[in-house]
Amino acid sequence: MVDIATTARRKIIKGIDLKYQPGFSQITWFCIVVLYAPIAVLVLFSFNENRSVTVWTQFSLDWYVKAWENEGIQHAALVSLEVAFVAMVISTILATMAALVTTRTPPYRGMNIAVAVINQPLMVPEVVTAVATLIFFAIIKQATGISGIGYLIAAHTAFCIPFAYMPIRARLEDMDLSLEQAAADLYAPPFKVFRRVTLPLLMPGILAGAMLAFIVSLDDVIITLFVAGPGETTLPLYILGQIRRGVTPEINAVSTVFLGISVILVTFIFLFGKDKK
Amino acid sequence: MSTQTATAAIDIRETSKIYGRNRETGVVALDQVSLAIRDNEFFTLLGPSGCGKTTLLRLIAGFEQPTHGEILLFGEHLEGLPPYKRPVNTVFQHYALFPHMTVAENISFGLEMLDTPNTQISSTVKEVLGLVQMEHLANRKTDQLSGGQQQRVALARALAPKPKVLLLDEPLSALDFKLRKEMQVELKRLQNETGITFIFVTHDQEEALTMSDRVAVMRDGLILQVGNPREIYDRPAKRFVADFIGDINILKGRILSKNGAQATVKLNAGYQGTAGLPAETDSLGDEVSIAIRPEQLSFVSGAGPEHLSGSIQHISYFGSGFDYEIVMPTGETIMLQLQNRGAGDHAYTVGDRAHIAISENSMQILAD
């Protein structure tokens with residue numbers, strides 16, 4: 001008797017509960033499937049023993065071994081890591097300085113413009129930036145005669161800055177200014193306030209920004225395609241080149257590793273971005 | 001330069017703080033305020049939000065610079081000195097404890113910045129932790145502490161470098177009633193034990209009266225009255241001060257004659273007696289406002305020329321006593337407060353006619 005009454009009441013509560021949205025969980029599942037099914041298939045076929053990326057025969061790690069031994073992939077991976085690492089370090093330092101200036105100084109004329117300029121790579125179509133960068137670098141190369149991977153790194157640094165800037169700025173805006181005032185009140189001169197209070201508290205934001213910059217750089221195709229010189233093929237460019245000649249599970253294997261790195265980094269960003277409260 | 005015994009701990013001279021371009025278009029947070037705070041004093045800045053009390057505190061701490069005027073700390077000019085070069089410490093409203101440090105690290109921060117030797121740091125940290133009774137929590141992270149404990153750590157951190165003046169920016173406002181009461185006693189004790197001048201900012205009049213040696217009541221960037229708690233409560237100089245601190249009746253009346261700091265007044269409602277005069281009498285017109293505290297009134301049985309009378313309109317009970325609202329023939333409403341002394345004491349009900357006596361020497365004439 002009691003149970004029937006409770007069930008009936010629950011039904012009524014469900015009907016009038018404002019948080020109850022019929023059909024939402026089904027839509028969510030549909031979206032998840034559409035987004036992740038292709039990736040699941042890609043990962044699955046990286047373990048295929050066969051040459052085919054559509055017909056499953058047997059589990060094997062052959063393609064991972066092949067990819068690992070492929071000098072083209074090795075070289076491309078090293079280029080990617082080098083460019084991404086250097087771009088990450090430089091862009092994170094610049095983004096930290098920019099975030100400090102735009103949150104920790106009294107508002108000045110043109111501050112909004114400065115923020116807009118920092119975020120510009122997010123607004124301008126990437127292909128436009130790519131063409132512009134290509135032409136700009138061509139002029140510099142002609143004038144100075146200097147060439148090398150520095151151009152690619154510079155281009156990556158530039159478009160990484162807004163990605164590093166966003167989490168750092170968000171963190172700074174969350175941080176109560178009174179902590180820094182308290183430090184100053186307790187006889188800490190500005191540099192020590194920064195080193196002992198601002199920087200340690202900002203660290204999660206800086207790490208999140210750095211990893212975001214790293215991933216964005218690792219991922220980039222369009223600008224790299226325009227700017228990269230001979231011998232500067234990055235992993236995405238290599239994959240793109242291979243796909244033109246037909247896809248083998250070797251590409252799946254490389255892509256899976258690539259995916260794994262991204263997932264690990266994003267997990268870190270998520271963990272650092274959260275307050276440890 | 002030797003400091004004289006009479007030198008004020010903080011001497012504020014005609015100091016103004018204006019946010020914006022100028023007086024006309026900007027916001028005047030502090031308007032030519034002059035104030036001397038004595039050494040070893042528990043001094044309270046009391047006023048509603050936006051009265052300039054926190055601005056004044058921030059000017060002393062060095063977080064803001066005055067637009068005009070000067071501030072002296074034991075005779076020395078503070079002008080141009082950044083916060084980290086001023087020997088004053090602040091207890092912030094929301095404590096502002098460093099979340100990435102332990103309690104002990106928080107407290108030793110200021111001492112480290114002053115290059116205090118390590119052995120002395122650890123003994124001082126122990127000493128101030130003892131002072132606020134927090135020894136057992138020295139190695140806790142600050143986010144594992146309750147509000148009251150955080151409050152104590154904030155106090156210990158500000159006291160550790162032995163500042164010449166301690167600034168407290170509404171530090172009790174985030175605590176619940178009981179804890180706030182406890183901390184009031186605690187703060188007073190700390191001030192006595194350390195001998196440091198405390199400047200306490202609050203909007204809570206009761207807090208101000210219980211703890212302070214002297215109180216400055218502020219409004220709209222001005223200091224309206226400075227005095228000890230009894231002067232502020234019993235002899236408010238201005239209508240705003242009277243209204244802001246405690247419950248009060250303000251009745252209309254006329255001055256019959258003046259005699260020094262006192263005057264003989266006749267209330268429109270009938271009563272005639274002596275009342276205190278404010279320092280500035282220039283603004284007083286023919287008809288003046290006269291303040292009487294509700295607890296200075298009592299019921300009497302018979303009518304007489306020395307009594308007020310009216311009918312009881314409302315009675316409210318608040319545990320330790322009763323408030324009676326009485327409407328007089330002049331149309332003025334007067335509030336009378338009686339202590340709860342047990343049953344049978346108050347035989348009045350709403351609608352009854354009542355006669356009221358005023359305690360001697362309890363009236364005060366207010367300037368506007």
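Predicted model: local features only at pLDDT ≥ 70, side-chain atom pairs only at ≥ 80, totals over all residues.
A nonpolar core is a set of buried Ala, Val, Leu, Ile, Met, Phe, Trp, Tyr and Cys residues joined through C-beta atoms within 7 Å.

**The largest core.** Select I60(B), I199(B) and I290(B): within the largest nonpolar core, which has 105 residues, these touch the most other members. Next, highlight helix α4 of chain B, residues 147–159, which gives the most to this core, namely 6 residues.

**Around I290(B).** Centre the view on I290(B) and display its contacts. Leaving aside residues up to four places away in sequence, I290(B) touches L251(B), G253(B), V265(B), L267(B), A275(B), M363(B), Q364(B) and I365(B).

**A second core.** Turn now to chain A and select I73(A), V79(A), A95(A) and A155(A). These four belong to a second, separate core of 42 residues.

**The sheet in chain B.** Return to chain B and show its strands as a cartoon. An open sheet of 4 strands runs in the order β2-β1-β4-β5, with antiparallel pairing. At its edges are β2 (27–37) and β5 (76–77) of chain B, each pairing on one side only. Select β4(B), residues 68–73, together with β5(B): 2 bridges join this antiparallel pair.

**Where the chains meet.** Finally, select the contact between the chains, to which chain A gives 16 residues and chain B 17 residues. On the side of chain A, α8 (177–185) and α9 (190–219) each give two or more residues, and α8(A) supplies the largest share, 6 residues. Coloured by class, this side of chain A shows 10 nonpolar, 2 polar and 4 charged residues.

Notes: Residues numbered from 1 in each chain as written. Chains lettered and ligands numbered in written order. Contact = placed C-beta atoms within 7 Å. Nonpolar A, V, L, I, M, F, W, Y, C, P; charged D, E, K, R; others polar. Buried ≥ 20, exposed ≤ 12 C-beta atoms within 10 Å, placed from the backbone. Pairing = 2+ DSSP bridges.
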